[in-house]
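User: I've got a fold open here and would like to talk through its geometry. Could you take a look with me?

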Amino acid sequence: INAEYMGHSECLFFFDLLTSFSLCLSLPFLYFSLFFLLVSREIPQTMADQSVMEDALLRTAEVIEGQLDQAIQKYDEMDEDELSVLRRKRLAQLKKDKQQREEWIAAGHGGYAEIPDQKDFFEHCKRSKLLVAHFYRDTTWRCTVVDKHLSSLATRHIETKFLKVNAEKSPFLVERLQIWMIPSLLLVKDGKTEHTIQGMDEIGGEACSEEFIEAALLKHGVIMPRD
């Protein structure tokens with residue numbers, strides 16, 4: 001493992017430095033730029049409007065470039081002892097991340113499956129810090145839509161356990177957890193219900209998409225932001 005990590009260490013350390021010195025300040029400018037680009041596709045523009053937008057994007061690029069230059073300068077000024085400390089910290093973090101990922105996979109994260117017995121539900125909640133449970137019914141087409149999106153999210157957010165529960169076969173859970181609409185998404189943190197998304201309104205309604213569901217899960221803290 002060490003040899004594999006050391007082969008990429010210089011790039012990883014440099015990336016960490018760029019992130020530390022510039023990313024936090026750069027992201028708002030990047031979002032601002034993307035907003036301009038998206039809006040410009042929908043709204044007819046005069047030459048003056050186009051010029052203003054281009055000037056704003058240019059200023060954004062200049063700010064980000066300046067921040068990156070500062071990060072590079074700080075990197076160049078570091079001595080071997082400082083770089084050695086960064087290497088050790090980075091390797092330790094990589095090993096920790098790898099171990100955490102293995103623990104998540106061992107607990108069934110990364111997939112999306114139905115629990116065979118409602119009695120198993122609370123055991124899953126104990127084993128996983130973050131959990132999303134879809135209470136569904138076979139005859140409800142909206143559940144099929146949610147199923148598709150959750151299956152995709154489960155592979156991208158391995159930090160969270162995703163599972164499905166047949167509401168008609170789980171009357172005890174439905175009553176205990178106050179599930180009164182199908183589909184419902186039960187959001188669990190540290191073994192306790194954080195929130196329940198009842199129906200589709202909170203995840204886009206008829207326009208429900210993976211992005212709407214992901215945004216709702218992020219809002220309630222049951223998935224982590226992706227890098």
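User: At what angle do helix α6 (residues 141-156) and helix α8 (residues 210-219) pack, and how many Å apart are their axes?

Analyst: Quick note before the numbers: this is a predicted model, where local features need pLDDT of at least 70, side-chain atom pairs count only at pLDDT 80 or more, and totals for chains, interfaces and linings use all residues. Residues are numbered from 1 along each chain as its sequence is written, and side-chain values use heavy atoms, with hydrogens and water left out. Helices are DSSP runs of H or I with at least four residues, strands are E runs of at least two, and both are numbered from the N terminus; axes are lines fitted to C-alpha atoms, for helices over the stretch in contact, with angles from 0 to 180 degrees between N-to-C directions. On that basis, α6 and α8 pack at about 60°, with their axes 9 Å apart.

User: Which residues of α6 and α8 make that contact?

Analyst: Contact here means heavy atoms within 4.5 Å. The α8 side brings E210, I213, E214 and L217. From α6 come V146, H149, L150, S152, L153 and R156.

User: By class, how many nonpolar, polar and charged residues does the contact of α6 with α8 have?

Analyst: Ala, Val, Leu, Ile, Met, Phe, Trp, Tyr, Cys and Pro count as nonpolar, Asp, Glu, Lys and Arg as charged, and the others, Gly among them, as polar. Sorted that way, the contact of α6 with α8 comes out at 5 nonpolar, 2 polar and 3 charged residues.

User: In what order do the 5 strands form the open sheet?

Analyst: Strands pair if DSSP finds at least two bridges between them. β2 (residues 130-136) and β3 (residues 161-166) run parallel, joined by 6 bridges, while β2 and β4 pair in the antiparallel sense over 6 bridges. The pairing in the sheet is mixed, and the order is β1-β3-β2-β4-β5.

User: Which strands stand at the edges of the sheet?

Analyst: Look for strands with a single partner: one side of each is left without a neighbour in the sheet. Those are β1 (112-114) and β5.

User: Which strands does α6 touch when it packs on the sheet?

Analyst: The direction of α6 makes about 160° with that of β2. Packed on the sheet, α6 touches β1, β2, β3 and β4.

User: Why is strand β4 (residues 184-189) largely enclosed by the rest of the structure?

Analyst: Start with its pairings: in β4, L187 is the bridge partner of V132, and L186 has T196 of β5 as its bridge partner. Buried means under 20% relative accessible area, exposed over 50%, and partly exposed in between, using a 1.4 Å probe on protein chains only. β4 is largely enclosed because its buried residues number 5 of the 6.

User: Where is the cis peptide bond, and what is its omega?

Analyst: Most residues other than glycine have a negative phi, and most peptide bonds are trans. P183 lies in the loop between α7 (171-176) and β4. The cis bond joins I182 and P183, with omega at about -5°.

User: What phi does D190 take in the hairpin of β4 and β5?

Analyst: That hairpin has 2 residues between the strands. D190 counts as exposed, at 52% relative accessibility. Its phi is positive in a residue other than glycine, near 55°.

User: Is Q178 buried or exposed?

Analyst: Q178 is in the loop between α7 and β4. Although not a glycine, Q178 has a positive phi of about 60°. With a relative accessible area of 62%, Q178 is exposed.
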